[in-house]
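Subject: Structure handover

Hello,

Here is the structure I promised to pass on. Please open it beside this email, and then read my notes below.

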4 protein chains.
Amino acid sequence: MKKLNIGILGYGFMGRAHSNAYHKVNHFFDLKYQPILKAVCARNADNAKAFAEKWGYESVVTDWRKLIERDDVDLIDICTPNNTHAEIALAAARAGKMILCEKPLALNAEEAEKMVAAVEKAKVANMVWYNYRRCPAVVLAKQLIDEGKLGRIFHYRAKFLQDWTINPDLPQGGAALWRLDVKAAGSGVTGDLLAHCIDTAMWLNGSIDSVSAMTETFIKERKHQLTGKVEKVGIDDACAFLARFSNGSLATFESTRYARGHKALYTFEINGEHASIFWDLHDLHRLQYFDHRDEGRVRGWRSIHVSDGDQPYMKNWWVPGLQIGYEHSFVHQVADFLAGLADGKPARPDFKDGLATDYVTDAVLKSARMGQWEKVKKVK
Amino acid sequence: MKKLNIGILGYGFMGRAHSNAYHKVNHFFDLKYQPILKAVCARNADNAKAFAEKWGYESVVTDWRKLIERDDVDLIDICTPNNTHAEIALAAARAGKMILCEKPLALNAEEAEKMVAAVEKAKVANMVWYNYRRCPAVVLAKQLIDEGKLGRIFHYRAKFLQDWTINPDLPQGGAALWRLDVKAAGSGVTGDLLAHCIDTAMWLNGSIDSVSAMTETFIKERKHQLTGKVEKVGIDDACAFLARFSNGSLATFESTRYARGHKALYTFEINGEHASIFWDLHDLHRLQYFDHRDEGRVRGWRSIHVSDGDQPYMKNWWVPGLQIGYEHSFVHQVADFLAGLADGKPARPDFKDGLATDYVTDAVLKSARMGQWEKVKKVK
Amino acid sequence: MKKLNIGILGYGFMGRAHSNAYHKVNHFFDLKYQPILKAVCARNADNAKAFAEKWGYESVVTDWRKLIERDDVDLIDICTPNNTHAEIALAAARAGKMILCEKPLALNAEEAEKMVAAVEKAKVANMVWYNYRRCPAVVLAKQLIDEGKLGRIFHYRAKFLQDWTINPDLPQGGAALWRLDVKAAGSGVTGDLLAHCIDTAMWLNGSIDSVSAMTETFIKERKHQLTGKVEKVGIDDACAFLARFSNGSLATFESTRYARGHKALYTFEINGEHASIFWDLHDLHRLQYFDHRDEGRVRGWRSIHVSDGDQPYMKNWWVPGLQIGYEHSFVHQVADFLAGLADGKPARPDFKDGLATDYVTDAVLKSARMGQWEKVKKVK
Amino acid sequence: MKKLNIGILGYGFMGRAHSNAYHKVNHFFDLKYQPILKAVCARNADNAKAFAEKWGYESVVTDWRKLIERDDVDLIDICTPNNTHAEIALAAARAGKMILCEKPLALNAEEAEKMVAAVEKAKVANMVWYNYRRCPAVVLAKQLIDEGKLGRIFHYRAKFLQDWTINPDLPQGGAALWRLDVKAAGSGVTGDLLAHCIDTAMWLNGSIDSVSAMTETFIKERKHQLTGKVEKVGIDDACAFLARFSNGSLATFESTRYARGHKALYTFEINGEHASIFWDLHDLHRLQYFDHRDEGRVRGWRSIHVSDGDQPYMKNWWVPGLQIGYEHSFVHQVADFLAGLADGKPARPDFKDGLATDYVTDAVLKSARMGQWEKVKKVK
């Protein structure tokens, strides 16, 4: 088995999720590569050390440029805030490192275009962590669509609803709350949550042509963790948009952090000529499926417990009826990335796919700003 | 259209449900008979008059024997407490009246046997109001079973859970609470609720051979409405039993009025070799259906919204997606009774079916009393 | 009890639903008025006669102007296609009749304005049949909102999804299919289905300020039932729009007849600061409710079975746990109308409310046509 | 951090589940002990080596007695078939090793009594892998019960339904199918599945006094994998029993491998005076909770998504809304075992708890054999 030396940047939520995936992947998948946790990089040395100890990273680095220079690191995994992705990725590509980058790929499509150019020039393996593509139920949905089980697609609708920022006393910025700071995050729910919805949607249903969006910031000012002052909130708390796909189907997308009762309710539904599909992150191990070709009297939405060996990824886990969870989507993504390295068929979504999503989010934000429909730029 | 003159006894919950059914049946079903609300009988003349006025009964009677004597009454509908069924039915049969009797047919099988003998001797149409057989989803279940879609049956399980008697201050006896008075009701949940479960079960899955039961009375004493005194509670608050069906399948049955959160949760599930079925009175317009012959990857329990024209009774109502409710089961039962009168194929459950259920409830109560398995007597 | 003589126009789906409500209302509600089924009007005399016989209408009229002239008719109930509402209502108002009109009130707001002016001038009682307001679960939602249980509202989302026109061989126009004929219906899903969503939404959440919409006609040509020719389809098969409410909340609305698996899936969800609500016509007897003030560990969406006596309208029906259905919303609307007549507090939605909805649907259709945001006109 | 050297016996389903737990536990829990994967023992050296390589065990042993003799092994983890538990555990206790044993503890209570005596004499830490106690939703149920939120308990009902042995061509015995071989397994669903239900039930609701059971073997003969011959099937395919708890509550238990549509549907429901609880292994991250003290109009079953930091174990995982799965119950059990070692409060269920469950399963099997109620022996 070949060793693949990982250098990771960031030790937060995603740092843990990726590290867990690197640890587990060879226990459950037969692969030609094995990730080696070579180094973790973070500005705070103590925190980095504690993280390295907990997760078994061999070394600690506090300057990300040093990490990229190291000969014993093959792959740079970027888990830092959005406003750092581009600079790090450009440098890593120049250094010839493979790059796995957290989503969204960049603050905007302009940055993302440079990142795509960089990895293409450097010919380095690259991937964006849109992990929800790898939930078994979502992959099953993809299979059914690709096999033509749905027929012509009429409708797509996706939502990502949360409720964790309703409290006006919640500050913005700083370690845990950089997602509320427009400088670090670039946008609010659009880049953070809708980006997931858009990535899945284009994977399942093809490209998006045009959008009409609205955004809102319900809480206009919040204390900033770093400055200690009450500052204007720059992010979008909520965003909804209409869209037309290239295949002629209509779509609605919505995301908010102000929907009481929903913690991470990412749902999508697709209505085709023959069949429909619904998925919900709160019960990610299930797929709802309606097939009009079933006999009329006994037609109904099927609640599929995606835990059988003939369902995507599931033969690698336990036995039918025993569910996996959120973290497994990352394990699958690593497994597919490593398999792609071995067989020369790179796993997706790569940086180009990430750029395509950034084109959509840029158009969405512009549409909301201008109050008009916007065309979406396409990746060449 | 022929007139069928109805004389009803009792104006409570069931009096209303039946009267509503008589009113509606010809609006929604094409039939050769039309029920005419001829007379309502109750001891309290004022209450009877108010009821007659509200529901359009032509006359009021306070002595049930007078009702039975009337030439202008074709059919006696018995909606009075269980301990009155036998006497009234025997007299009505002697008078040559058709008889519709609320469930359970009698206080016990001994009484019920006499009632069967009486209607057979008198050759009068007879039916017991086990109305849940007529919920469209339940009839759909029956169709699927009869068509062999389930194959060999392995398991049957039924429950009827309520929570309305948990409060120890609730009195027993009297108008609204006769179901808590063992003299009026004969038993508690066994005759009231399990009787429904048993009737449906034998209709769907054939006869029951033997049972092992336990009962419990959680609140041992309650004030009696009629005497005003605290008296021992004679009914079973809860009853559960194991059963073996003649077809070799195993069953569990349970009923209680002490299950918080359940108002009238009558559910049954049937597991067959090829398929399974689940139904729930709280969502009576749905049937859950699992068919193992579906393709493996997309196999799942189907939630069937029973509201299409090709599903039982539904072409007579609205349009797909628009649900009917509890009361419609009575309308269907009247419709089937009237159709049976016209075409000479009597609707069921008739008194013999009611007796079969009483044989089971008798065995259940005896098993609980004796602490041993009991054989169930079969209707000849 | 006062008699209220009803003259109904049309004997289709709505003719049946209203007639059933007139029959039932006095059986279940204590009211000072009793509807008398005086006359049914339809161009086809045979069909009208059959309907009158089935439902107990005393007489039949084939010319609607004759119906309006009759002294023995107090109330005109308009159940004919949308393009006939205005003319009939204007004449009925001139004749001093009360008017109940099926939704949408008119082909467009221009017509609806005249209808409002006519009933105001004539000072006649008037109401529009947006019946879903009267589902008990929806009324419960209204109570909770009005009591402030949700706090500040952030989001509203509504959908009405069907799948009955996917087959391209389905013709347009004629008796049963006038909803597909733009001349008779005015629009497609916007006037037929979204109008319901908008009426409920404004009742629950106040007025709508602006909208951005898109529409689509998936099947461009269909055979016309009346002409026998293949003709261009003029209606919108699907419509989705973004909206901003006057209270600052954001909304998405969507309707289609191309969503496989959904027969009449009208759903709405409201997210407030403290609590959220969800309702679904396919299980209309339930309300989903999430209250953030519940203790954290046991917080969850509550599935409320709306069948208890302390829930709206339910003390008039059966006992807890026994559900009512679609038809009961009409019974409730009649009951409220009659109660309003008696106590001088007219039931709503009246024609002005119907006009308000038409302003929104007009703005939606214009927005879709122009590809831009539109302000919504307000009722004065 | 102290090292705890693990020697594991068996590399099947449970071998993997435990190994995964040993790997993950220190990544997610702050503990004073770290499991070290010292050795795996299996008769087939090649399979053992492959497993050791995959999971990082340092060495391989083919004779279990050798494993127990090793000084560098602190803890013996028994994942072999049921008929081997007693002999191995007795030897391990004599050697002074800590013992973790898969469930059921033994073939019967007689064996289990000896195992309890052995670990008590040797004073070694011991635990049985009834892992479902450690699903966060189940622990939450335990908390609610212990806090008195349910009040007096009236009812307990549990089921464990599967459908994987319906095919009569499935053989019995051998590596993957020893659970169908009565010699290796001791019993069928009773020891395999009902044992889980009983362990949870007694943890939540106290001891069981008496039972009345029935069992069935639907497929009477199957080919045996080892002998190659068609042999009589000795296990119970299905078992249902009534039970009375010491606290006066009534219970029904049922398990089968012949319930189409259910892969591993372990469910339990508890009905108390004030509140009820329902849990379902197919959606193990949810708890259903009904609290009668909620305001009447908005009372309903709450679907609790157990993924918040204030819910059991969940602060150690991801963020609200992101679910964990089956494997995490094992991680929790290891974490609790290690914490118990450190603080001197041994984790449960220990061997005595395992014996208590064996007393119940013995009584169940005897009741079914004798056709009568049986008293359950209590652990001293």
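Predicted model: local features only at pLDDT ≥ 70, side-chain atom pairs only at ≥ 80, totals over all residues.

Start with chain D. It holds an open sheet of 6 strands, paired in parallel, in the order β3-β2-β1-β4-β5-β6. The edges are β3 (59-61) and β6 (126-128) of chain D, and each of these pairs on one side only. On average, neighbouring strands in this sheet are turned by 25 degrees against each other, direction ignored.

Look next at one pairing inside the sheet. Strand β1 (residues 2-9) of chain D runs parallel to β4 (residues 75-78) of chain D, and 4 bridges join them. Which residue of β4(D) is the bridge partner of G7(D)? That is I76(D).

Helix α1 (residues 13-28) of chain D lies across β1, β2 (33-41), β4 and β5 (98-101) of chain D. Its direction is at about 150 degrees to β2(D).

**Chain A with chain D**

Now the contacts between chains. The size of an interface is often given as the accessible area lost when the parts come together. For chain A and chain D, the buried area is about 3300 Å², with 53% of it from carbon and sulfur atoms. On the chain A side, H27(A), K263(A) and W318(A) lose the most area to chain D. Together they make up 22% of what that side buries. Each chain brings 39 residues to this contact.

How many salt bridges are found across the interface of chain A and chain D? There are 8. In one salt bridge, the side chains of K24(D) and E327(A) meet at 2.4 Å, N to O. There are also 34 residue pairs in polar contact between chain A and chain D.

Two helices of chain A, α1 (13-28) and α2 (45-55), are the elements that give two or more residues to the side touching chain D. The largest share, 9 residues, comes from α1(A). By class, that side of chain A has 16 nonpolar, 14 polar and 9 charged residues.

**Chain B with chain C**

This contact takes 39 residues from chain B and 39 residues from chain C. About 3200 Å² is buried between chain B and chain C, and carbon and sulfur atoms give 53% of that. The salt bridges across this interface number 8. One salt bridge links the side chains of K24(B) and E327(C), at 2.4 Å from N to O. Polar contacts between chain B and chain C come to 33 residue pairs.

On the chain B side, α1 (13-28) and α2 (45-55) each supply at least two residues. Helix α1(B) gives the most, with 9 residues. The side of chain B that touches chain C has 16 nonpolar, 14 polar and 9 charged residues.

**Backbone details**

Most residues other than glycine have a negative phi, and most peptide bonds are trans.

- The bond from K103(D) to P104(D) is cis, with omega near -10 degrees. P104(D) sits in the loop between β5 and α5 (109-122) of chain D.
- The bond from R348(D) to P349(D) is cis too, with omega near 5 degrees. P349(D) is in the loop between α9 (328-343) and α10 (351-370) of chain D.
- K123(A) is not glycine, yet its phi is positive, near 55 degrees. K123(A) lies in the loop between α5 (109-122) and β6 (126-128) of chain A.

Best wishes

Note on methods:
Residues numbered from 1 in each chain as written. Chains lettered and ligands numbered in written order. Heavy atoms only, no water. Pairing = 2+ DSSP bridges. Axes fitted to C-alpha atoms, helices over the stretch in contact; angles between N-to-C directions. Contact = heavy atoms within 4.5 Å. Buried area = accessible area lost by both parts, 1.4 Å probe. Salt bridge = Lys/Arg side-chain N within 4 Å of Asp/Glu carboxyl O. Polar contact = N/O pair within 3.5 Å; in protein donor to acceptor, adjacent residues only side chain to side chain. Nonpolar A, V, L, I, M, F, W, Y, C, P; charged D, E, K, R; others polar.
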